[in-house]
Amino acid sequence: KEPSSIEDVYEDRLYKVWSTNPGVISWKDAMADGALHDFALSLNMNYSFIDLREPSVGMGFSWGRYGPDTEVRRFDRQRIFAYAAPEKKPGLFSRLFGR
(Lines give C-alpha, C1' and ligand atoms only; values in the text may rest on other atoms or scores of the structure.)
Protein backbone atom coordinates (compact mmCIF):
# COMPACT_ATOMS: atom_id res chain seq x y z
CA LYS A 1 0.00 0.00 0.00
CA GLU A 2 1.37 3.43 -0.98
CA PRO A 3 1.20 6.02 1.80
CA SER A 4 -1.05 9.02 1.26
CA SER A 5 0.46 12.51 1.13
CA ILE A 6 -0.73 13.14 4.68
CA GLU A 7 0.85 9.93 5.98
CA ASP A 8 4.04 10.72 4.09
CA VAL A 9 4.30 14.17 5.68
CA TYR A 10 3.47 12.85 9.13
CA GLU A 11 5.91 9.97 9.02
CA ASP A 12 8.95 11.04 7.05
CA ARG A 13 9.02 14.44 5.39
CA LEU A 14 9.81 16.36 8.56
CA TYR A 15 13.02 14.40 9.05
CA LYS A 16 13.95 14.70 5.37
CA VAL A 17 13.63 18.48 5.53
CA TRP A 18 15.93 18.67 8.54
CA SER A 19 18.49 16.21 7.17
CA THR A 20 18.61 17.03 3.44
CA ASN A 21 17.54 20.70 3.29
CA PRO A 22 15.63 20.38 -0.01
CA GLY A 23 15.41 23.41 -2.25
CA VAL A 24 18.24 25.35 -0.60
CA ILE A 25 19.60 28.08 -2.87
CA SER A 26 23.13 29.43 -2.50
CA TRP A 27 23.77 33.16 -2.20
CA LYS A 28 25.39 33.17 -5.65
CA ASP A 29 22.36 31.49 -7.25
CA ALA A 30 20.00 33.82 -5.38
CA MET A 31 21.87 36.82 -6.80
CA ALA A 32 21.23 35.46 -10.31
CA ASP A 33 17.49 34.96 -9.65
CA GLY A 34 15.42 38.06 -10.39
CA ALA A 35 12.93 37.39 -7.58
CA LEU A 36 15.65 36.78 -4.97
CA HIS A 37 18.28 39.28 -6.11
CA ASP A 38 17.25 42.21 -3.89
CA PHE A 39 16.95 39.97 -0.83
CA ALA A 40 20.35 38.36 -1.49
CA LEU A 41 21.90 41.79 -2.04
CA SER A 42 20.79 42.82 1.46
CA LEU A 43 22.61 39.83 3.03
CA ASN A 44 26.14 38.46 2.84
CA MET A 45 27.46 35.34 1.14
CA ASN A 46 27.10 33.23 4.29
CA TYR A 47 23.33 32.99 3.83
CA SER A 48 21.42 30.18 2.14
CA PHE A 49 17.94 30.81 0.77
CA ILE A 50 14.70 28.88 0.54
CA ASP A 51 11.78 29.95 -1.65
CA LEU A 52 8.46 28.70 -0.27
CA ARG A 53 6.13 30.81 -2.44
CA GLU A 54 4.95 27.69 -4.28
CA PRO A 55 5.85 24.81 -1.94
CA SER A 56 5.23 21.16 -2.70
CA VAL A 57 3.83 18.81 -0.08
CA GLY A 58 6.30 18.43 2.77
CA MET A 59 8.50 21.33 1.70
CA GLY A 60 10.07 23.46 4.40
CA PHE A 61 13.40 24.62 5.74
CA SER A 62 15.53 23.70 8.71
CA TRP A 63 15.40 27.04 10.51
CA GLY A 64 17.53 25.73 13.37
CA ARG A 65 20.13 24.08 11.18
CA TYR A 66 23.04 25.78 12.94
CA GLY A 67 21.64 25.54 16.45
CA PRO A 68 19.57 27.94 18.52
CA ASP A 69 21.52 31.00 17.35
CA THR A 70 20.91 30.40 13.62
CA GLU A 71 20.41 33.73 11.85
CA VAL A 72 17.03 33.59 10.07
CA ARG A 73 15.66 36.36 7.83
CA ARG A 74 12.41 36.71 5.92
CA PHE A 75 12.01 38.73 2.73
CA ASP A 76 9.29 41.28 3.42
CA ARG A 77 5.98 39.41 3.82
CA GLN A 78 6.81 36.83 1.18
CA ARG A 79 7.53 33.20 1.94
CA ILE A 80 11.19 33.57 1.08
CA PHE A 81 13.67 32.91 3.86
CA ALA A 82 17.41 33.00 4.37
CA TYR A 83 19.51 31.51 7.13
CA ALA A 84 23.16 31.40 8.15
CA ALA A 85 25.38 30.07 10.89
CA PRO A 86 25.87 32.54 13.74
CA GLU A 87 29.11 34.48 13.81
CA LYS A 88 31.74 32.54 15.71
CA LYS A 89 32.88 34.28 18.85
CA PRO A 90 36.32 33.79 20.37
CA GLY A 91 36.48 31.10 23.02
CA LEU A 92 37.27 31.64 26.67
CA PHE A 93 41.02 30.99 26.32
CA SER A 94 41.28 33.34 23.35
CA ARG A 95 39.62 36.09 25.32
CA LEU A 96 41.74 35.48 28.40
CA PHE A 97 45.11 35.03 26.71
CA GLY A 98 44.59 37.00 23.50
CA ARG A 99 45.20 34.08 21.14
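Visitor: How do strand β2 and β3 pair, and over how many bridges?

Guide: In this predicted model, β2 (residues 71-74) and β3 pair in the antiparallel sense over 4 bridges. Strands pair here if DSSP finds at least two bridges between them, and strands are DSSP E runs of at least two residues, numbered from the N terminus.

Visitor: Which residue stands opposite Y83?

Guide: That's V72.

Visitor: And what lies between β2 and β3?

Guide: They form a hairpin with 5 residues between them, and D76 in the turn has a positive phi of about 55°.

Visitor: Which other strand is joined to β3 by bridges?

Guide: Strand β1 (residues 48-51) is joined to β3 by 4 bridges, and the two run antiparallel. The partner of I50 in β3 is F81.

Visitor: Is β3 mostly covered or uncovered?

Guide: Mostly covered: 5 of the 5 residues in β3 (residues 80-84) are buried, meaning under 20% relative accessible area, while exposed is over 50% and partly exposed is in between (1.4 Å probe, protein chains only). On one side sit I80, A82 and A84, and on the other F81 and Y83.

Visitor: Changing topic, is L96 buried or exposed?

Guide: L96 is exposed, because its relative accessible area is 57%. L96 lies in helix α4 (residues 92-97); helices are DSSP H or I runs of at least four residues.

Visitor: Good to know. How should I read the numbering and cut-offs?

Guide: Residues are numbered from 1 along each chain as its sequence is written. Local features need pLDDT of at least 70, side-chain atom pairs count only at pLDDT 80 or more, totals for chains, interfaces and linings use all residues, and side-chain values use heavy atoms, leaving out hydrogens and water.
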